[in-house]
Amino acid sequence: MFLQKDEAFQLLADFGSPLYVYSEGILRERCGELLEAFEGRIKPSFSAKANSNLHLLRIIREEGIGADAVSPGEIFILERAGFESGEIFYICNNASEEELRFAIDRDILVSVDSLSQLETFGRINRGGSVALRINPGVGAGHCDKVVTAGCGTKFGIDPACCGEAKKIIAKYELKLIGINQHIGSLFLDAGPYVKAAGILLSIVLKHFPGLDFVDFGGGFGVPYKEGERRLDFGALRDGLFPLMDSFVERYDNKYVHFKCEPGRYIAAECGLLLGTVNAVKESFGKRYVGTDLGFNVLMRRVLYNSYHEARLLRRGAAVQRSAVLADVVGDICESGDVIAESRPVGDARKGDVIAVENAGAYGYSMASNYNSRMRPAEVLMTQRGEFKLIRAADTLESLLANF
Ligand SMILES: Cc1ncc(COP(=O)(O)O)c(C=O)c1O
Ligand SMILES: N[C@@H](CCCC[NH3+])C(=O)O
């Protein structure tokens, strides 16, 4: 945990509970790591869906990383964060004509992922530049819901349709400048990513000469459980570089470049979610630690059965791991509202704090107002160790803003 215990209590007193806290140092470190991981040969572009806080996006841009957007909303926020149109890649899925125009009008490159969307794009932007998202047939991810390639997923163009795609491109005189894929989110083993990259490169060689770039997608995992090993970028390099070398040798554009689209790897570990224990109880032989960490604040456990380390903090004396296991639950009106299951926190008391680790990716960005609860504030711990509010919490008034 990057915060001292006393700082955690002070932050909750200052900014309210629950609260997201981010470490600028860790965020910059992860950006730097990714820029170096592929020795400049594969350029990372941050997937803003993982965390779209304006201030964090500015830091990511300062580090020299571009961004991928999945919606006009993300494009809008990225622009506000200072990203220029050439630094944004709009990887859409089932976008409306209006949404496609939003990107086209701003000169932002669009990747379409169906023949039907390619047809729409060509009709409204004849002669424009475009990218295609291909489904290489190999997927990976921490659960079925986030595997985005292979059979049974809505994403990407089936390679069998490449011929048809080329016809639509010719019909509308489009310039195909890039091919991308994204096989899914969170893998800690290089195997599937390398395999999918190999498949994608062979598809490009066969069908798509003269591209400016090939984008292998994101999905790089981080360890959520204590003791879990980190992703081995050496293994990724060892797998990818020979494939890229042999591809470039055979490809007609020697200046083709390579990209990737990490979200979680950049944002997860810099984020900590703090919440307060409001009640404890024993019911039918089971212990519950009742907090304000409902799934409106962090829904990954409820949606995917995801694991986050949850530390119990108490003012004064340190708390030991309890022999009694308890479920850490939230304040939402559903029985599934469990943020951490069977953890050694059975001794928790009202007023203690729960710190949920690695909450920086798909935490706040998936938070909601369910049960008319407020999304929490977000605070940045700067590299100088100061704390700065970077998004205020919702208020009762903001719940009424759209009526
Ligand atoms: C198209 C696309 N690119 C990149 C990402 C980023 O994934 P991750 O956060 O696992 O790196 C996603 C989300 O899974 C995505 O849908
Ligand atoms: N939201 C997912 C990742 C999927 C990303 C979007 N393709 C998670 O929290 O693990």
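Predicted model: local features only at pLDDT ≥ 70, side-chain atom pairs only at ≥ 80, totals over all residues.
Two packed helices are described by the angle between their axes and the distance between the axes. Helix H5 spans residues 97–105 and helix H6 spans residues 115–124; their axes lie 10 Å apart at an angle of about 55 degrees. On the H5 side the contact involves Glu-97, Leu-100, Arg-101 and Ile-104, and on the H6 side Thr-120, Phe-121 and Ile-124. By class, the residues of this contact are 4 nonpolar, 1 polar and 2 charged.

H6 also packs against helix H7 (residues 162–171), with the axes coming within 9 Å and crossing at roughly 5 degrees. Angles under 35 degrees count as roughly parallel, and H6 and H7 are therefore roughly parallel to each other. Here H6 contributes Leu-115, Leu-118, Glu-119 and Gly-122, which meet Glu-164, Ala-165, Ile-168 and Lys-171 of H7. The contact of H6 with H7 has 4 nonpolar, 1 polar and 3 charged residues.

## Helix packing: H8 and H9

Helix H8 (residues 191–207) and helix H9 (residues 233–250) have axes that come within 9 Å, with a crossing angle of roughly 5 degrees. H8 and H9 are therefore roughly parallel to each other. From H8, the contact draws on Tyr-193, Val-194, Ala-197, Gly-198, Leu-201 and Leu-205; from H9, on Leu-236, Gly-239, Leu-240, Leu-243, Phe-247 and Arg-250. The residues in the contact of H8 with H9 comprise 9 nonpolar, 2 polar and 1 charged.

## Backbone features

Most residues other than glycine have a negative phi, and most peptide bonds are trans. The peptide bond between Ser-17 and Pro-18 is cis, with omega about 0 degrees. Pro-18 sits in the loop that links helix H1 (5–15) to strand E1 (19–23).

Glu-39 is not a glycine, yet its phi is positive, at about 50 degrees.

## Annotated spans

An unreviewed UniProt entry lists residues 20–360 as "domain: Orn/DAP/Arg decarboxylase 2 C-terminal". In the model this span is 31% helix and 23% strand, and its end C-alpha atoms lie 8 Å apart.

The UniProt annotation "domain: Orn/DAP/Arg decarboxylase 2 N-terminal", also from an unreviewed entry, covers residues 27–268. The span 27–268 is 40% helix and 15% strand, with its end C-alpha atoms 9 Å apart.

How values were computed
Residues numbered from 1 in each chain as written. Chains lettered and ligands numbered in written order. Axes fitted to C-alpha atoms, helices over the stretch in contact; angles between N-to-C directions. Helix = DSSP H or I, 4+ residues; strand = E, 2+ residues; numbered from the N terminus. Contact = placed C-beta atoms within 7 Å. Nonpolar A, V, L, I, M, F, W, Y, C, P; charged D, E, K, R; others polar. UniProt positions renumbered as here; feature names shortened; annotations may be inferred. Parallel < 35°, antiparallel > 145°, perpendicular 65-115°, else oblique.
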